[in-house]
Amino acid sequence: MKKKYLIAIIILLVGSGLTLATYFATHIYQRDSVALITDHQIKDTFVQRDKDVYGNVDQTRRQILHLTILSGPQRGKKYVTSNVYYPSQLVSQKYRPRQRIFVDIKKNQPAIVNPKRDWVLVLMLTLTLALMVSVTGKKAIPLICSLVLSWVIFYGVILADVKLNGTSMFLFFASANIIFSFVSLAIVQGVNQKMLVTWVATLLGVFISFGICYAMMKLTGETEMRYETGDYATQDPRGIFMAQALLGILGAVMDEATDIVSSLHELVKTTPDITPLTLIKSGRAMGQEIMGPLINVLVLIFISGALPETILYLRDNNTLSAAFGFTLSLGATQSVIAAIGIVLTVIFATGCSLWFLRARKRGDLV
Amino acid sequence: MSTLAALIVVLAILMTIVGGETGIRSFFSVLINTLLLILVALLISWGINIELLILIFIPLKLVTIIFLGTHNGRVAKNSFVAALIVSVTVSLLILVVQYFAQAAGLGPEAGEVLVGLSQMPGLSYPMIAVAVAMFSSLGAIAEAAVAMSSGLLALKRAQPGISAVALKRSGNRIGTDVIGTALNTILFGMFGSFLSLFLWYFRLNYSIGQVLNEKLFVNEALIIMYSLIGVLLTVPLTTILLVEGITKTEVKNEK
């Protein structure tokens with residue numbers, strides 16, 4: 001058996017152990033107490049049939065839950081509580097027998113907070129890592145490193161932003177982008193000529209396309225840009241939108257620039273008599289193939305996320321254009337900005353690769 | 001003209017200049033893809049069976065992305081078969097995992113969003129969450145399938161005599177690049193999509209334990225992993241399908 005499959009199996013075993021450990025972990029949580037629903041069959045009663053002003057029909061149901069507290073000062077105590085839910089589970093939650101949940105105990109009355117979901121994340125992470133090792137073998141190491149580092153930098157960026165209290169958000173996220181792309185590219189490729197060319201192409205792609213989009217926004221007076229519809233706005237919603245657009249564009253542009261620059265670098269090395277024109281043509285041909293699918297990836301991510309809310313607006317007899325304005329227009333704008341970045345990067349990545357030709361002439365092509 | 005419309009016009013012009021005919025086709029692929037997604041939302045809101053919609057729209061969206069976005073028939077056919085098999089597999093995984101994660105519906109800010117909206121829409125939000133997760137990962141799966149197929153076929157054209165074993169080995173190398181490409185796109189796409197949510201967690205002093213159990217965070221993290229798993233499965237499967245397809249046609253030609 002190949003070594004990489006052995007490692008993948010080890011990851012699976014260790015991961016399953018960690019998943020179980022997380023599932024049963026009770027004392028690592030300080031904020032809320034962990035409780036176990038002790039019922040084998042939860043008593044679930046029908047309360048009433050509801051019909052709202054929009055003609056939607058739903059039910060109200062009540063579950064009677066017997067809880068044993070597993071952690072915190074009330075450890076070992078038993079409570080009986082009830083949980084009201086609507087089967088559509090938009091804002092309410094139906095609980096299951098023998099499930100572990102979080103409760104907040106105040107005045108000797110438990111209030112249900114959340115189901116315990118952390119172990120699902122550990123399980124899926126295990127599966128993803130094991131699969132990554134068995135598909136890519138040794139190459140999984142830089143991939144996983146860049147993944148972890150991206151999360152770490154992202155965490156740092158958020159911490160810093162909260163410290164700065166959202167002042168000059170655009171400048172802040174612009175510099176975060178510069179650091180993000182440098183570190184990410186350096187891990188996967190190492191600091192060398194090719195990596196620096198990719199980095200420059202990435203930055204040009206992100207900032208010039210963003211500049212063009214910003215100019216367009218100013219020219220059209222930001223009409224129908226409803227920043228206030230952005231969810232979870234804890235600071236200037238316009239600033240948040242700009243920062244989200246900058247971050248969302250970066251990954252795709254970086255990946256695309258890497259693809260094009262690496263291939264053209266290979267081409268310059270293997271074809272001694274290549275002319276600038278052939279190089280530009282190859283770059284364009286590659287870009288044409290990549291850009292469509294890459295834009296689709298981002299569109300699906302940006303738009304799908306808003307669908308639950310869109311469906312709700314539509315369900316409540318809003319017109320399509322009203323629902324679009326409230327829930328999708330910001331995501332759609334973000335998608336278009338990202339798409340413009342992806343298209344322009346074809347030009348910048350190819351243009352920057354011309355530098356390899358000059359380097360070869362001087363005789364210092366690495 | 002609204003800003004969105006103006007930006008779309010700029011995008012159409014740029015895609016035509018940079019991409020030529022392929023660019024125009026890609027533009028329409030993206031446009032149709034977006035409209036399909038909005039159509040799904042509309043149909044679900046009318047109360048049409050969500051499972052049925054998923055079954056219809058997964059192949060439909062793959063066709064839009066793959067057949068409109070590429071111009072080589074062989075690349076398209078092979079990518080489509082691979083992407084469809086992987087999508088079905090990932091969908092089954094999503095069904096199981098979403099059942100245990102119980103992360104459907106709107107997040108902690110729901111109260112503010114829901115002013116004037118129904119809290120009992122009479123639709124199954126757990127099933128809607130499954131649909132959203134499936135559609136989010138489709139793009140990454142299709143992209144990986146197209147990149148693998150076109151990379152391998154280009155290699156085969158350059159070296160017509162290449163053996164199946166050598167082709168599979170090259171498939172591994174190309175596959176690593178394809179995975180690397182998908183990784184950042186998915187991750188930063190998600191960061192860009194949910195920056196405000198993460199800021200919200202911090203400003204409201206959520207502890208790490210709370211965030212890791214919070215509905216929306218769990219949902220987003222799971223979608224990133226579904227997409228990654230989709231890409232990881234697509235790479236070897238596309239290689240196998242393509243190499244087998246090539247060997248079969250060669251045997252036929254020899255006879």
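Start with chains A and B together: the area buried between them is about 10,800 Å², with carbon and sulfur atoms giving 71% (buried area is the accessible area, 1.4 Å probe, that two parts lose on being put together, summed over both). This is a predicted model, in which local features need pLDDT of at least 70 and side-chain atom pairs count only at pLDDT 80 or more, while totals for chains, interfaces and linings use all residues. Residues are numbered from 1 along each chain as its sequence is written, chains are lettered from A in the order in which they are written, and side-chain values use heavy atoms, leaving out hydrogens and water.

Next, select the contact residues: 120 of chain A touch 119 of chain B (contact means heavy atoms within 4.5 Å).

Now zoom in on D161(A) and R203(B), whose side chains meet in a salt bridge at 3.9 Å, N to O (a side-chain nitrogen of Lys or Arg within 4 Å of a carboxyl oxygen of Asp or Glu). The count between the two chains is one salt bridge. Then colour helix α7 of chain A, residues 276–304, which gives the most to the side of chain A that touches chain B, with 17 residues (helices are DSSP runs of H or I, at least four residues, and strands runs of E, at least two, numbered from the N terminus).

Finally, move to strand β3 of chain A, residues 57–69. Strand β2 (residues 43–51) pairs with β3(A) in the antiparallel sense over eight bridges (pairing requires at least two DSSP bridges between the strands). Here D50(A) stands opposite D58(A). Five residues separate β2(A) and β3(A) in a hairpin, and G55(A) in the turn has a positive phi of about 85°.
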